[in-house]
Amino acid sequence: MRRDLQRRVEAERAERKEVILTFLAAAQKVELVLDRRSLGLPAADEPEDQILHALWLAEKAVELVCLPEVAQAARRYTEALHQIVRDVTVNGQAPTKGACRLAFVEAARSGLGSDRPQLRR
């Protein structure tokens with residue numbers, strides 16, 4: 001019974017890790033679009049709508065399998081990236097993607113059971 005429980009715990013952690021990595025890959029694509037834009041480089045071949053759609057879909061997967069704290073951090077990061085891509089400000093302020101990214105990474109590390117110290121940037 002104990003081995004079965006351990007296997008289930010490991011499988012659930014692996015699933016959460018995979019979802020988190022998929023979300024980070026989608027977020028990285030959006031960040032690449034923003035980086036290219038800020039450098040004045042031509043837009044990537046993939047339309048922004050598709051990249052944002054993939055990001056929102058990955059965020060929903062995080063909501064399905066991760067802890068609420070991780071899901072909330074993913075939501076904030078996704079909203080921030082979406083607002084920056086669309087040039088939308090809320091309450092007169094543009095979100096800071098770096099702060100949202102770091103908050104998500106820390107929540108994800110905690111959700112995966114990392115006992116390492118927090119990242120400092």
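User: Where do I start, and how many helices and strands does the protein chain have?

Analyst: Some ground rules come first. This is a predicted model, so local features need pLDDT of at least 70 and side-chain atom pairs count only at pLDDT 80 or more, while totals for chains, interfaces and linings use all residues. Residues are numbered from 1 along each chain as its sequence is written, and side-chain values use heavy atoms, with hydrogens and water left out. Helices (H or I, at least four residues) and strands (E, at least two) are DSSP runs, numbered from the N terminus. Here the protein chain has four helices and zero strands, and its pattern along the sequence reads α-α-α-α. The C-alpha atoms fill a box of roughly 55 × 30 × 25 Å along the principal axes.

User: How do I check a helix's length, say for α1?

Analyst: Work out the expected span, which is 1.5 Å times one less than the number of residues. Then compare it with the model. Helix α1 has 37 residues and reaches 53 Å from its first C-alpha to its last, close to the 54 Å expected. The 18 residues of helix α3 (residues 68-85) should span 26 Å, and the end C-alpha atoms are 25 Å apart, which agrees. For α4, with 15 residues, the reach is 21 Å, close to the 21 Å expected.

User: What comes just after these helices? Which residue follows α1 with a positive phi?

Analyst: That's Gly40, with phi near 75°. Just after α3, Asp87 takes a positive phi of about 55°. Gly113 follows α4, and its phi is positive too, near 85°.

User: How do I read the packing of two helices, and what is the angle between α2 and α3?

Analyst: Two packed helices are described by the angle between their axes and the distance between the axes. The axes are lines fitted to C-alpha atoms, for helices over the stretch in contact, and angles run from 0 to 180 degrees between N-to-C directions. Angles under 35 degrees count as roughly parallel, over 145 as roughly antiparallel, 65 to 115 as roughly perpendicular and the rest as oblique. Helices α2 and α3 pack at about 170°, with axes 9 Å apart, which makes α2 roughly antiparallel to α3. The contact (heavy atoms within 4.5 Å) includes Leu52, Leu55 and Trp56 of α2 and Val70, Ala74 and Leu81 of α3.

User: And how are α1 and α4 arranged?

Analyst: Helix α1 (residues 2-38) and helix α4 (residues 97-111) pack at an angle of about 170°, with axes 11 Å apart. That makes α1 roughly antiparallel to α4. Among the residues making the contact are Ile20, Phe23 and Leu24 of α1 and Arg101, Phe104 and Ala108 of α4.

User: How do I tell buried from exposed? Is Glu79 buried, exposed or partly exposed?

Analyst: Look at relative accessible area: under 20% is buried, over 50% exposed and in between partly exposed (1.4 Å probe, protein chains only). Glu79 lies in helix α3 and, at 32% relative accessibility, counts as partly exposed. Pro47, in the loop between α1 and α2, is partly exposed as well, with a relative accessible area of 42%. Of the 121 residues of the protein chain, 30% count as buried.

User: Which elements cover the buried residues of α3?

Analyst: The cover includes α1, α2 (48-65) and α4. Buried residues in α3 include Val70, Ala74, Tyr77 and Leu81. In α1, Val19, Phe23 and Val30 are among the buried ones, and the buried residues of α1 pack against α2, α3 and α4.

User: Which residues touch the most other members of the largest nonpolar core?

Analyst: A nonpolar core is a set of buried Ala, Val, Leu, Ile, Met, Phe, Trp, Tyr and Cys residues joined through side-chain atoms within 4.5 Å. The largest one here has 27 residues, and Phe23, Val30, Val70 and Phe104 touch the most other members. Helices α1, α2, α3 and α4 each give two or more residues to this core, and the largest share, eight residues, comes from α1. Leaving aside neighbours within four places in sequence, Val30 is in contact with Ile51, Leu52, Leu55, Leu81 and Val85.
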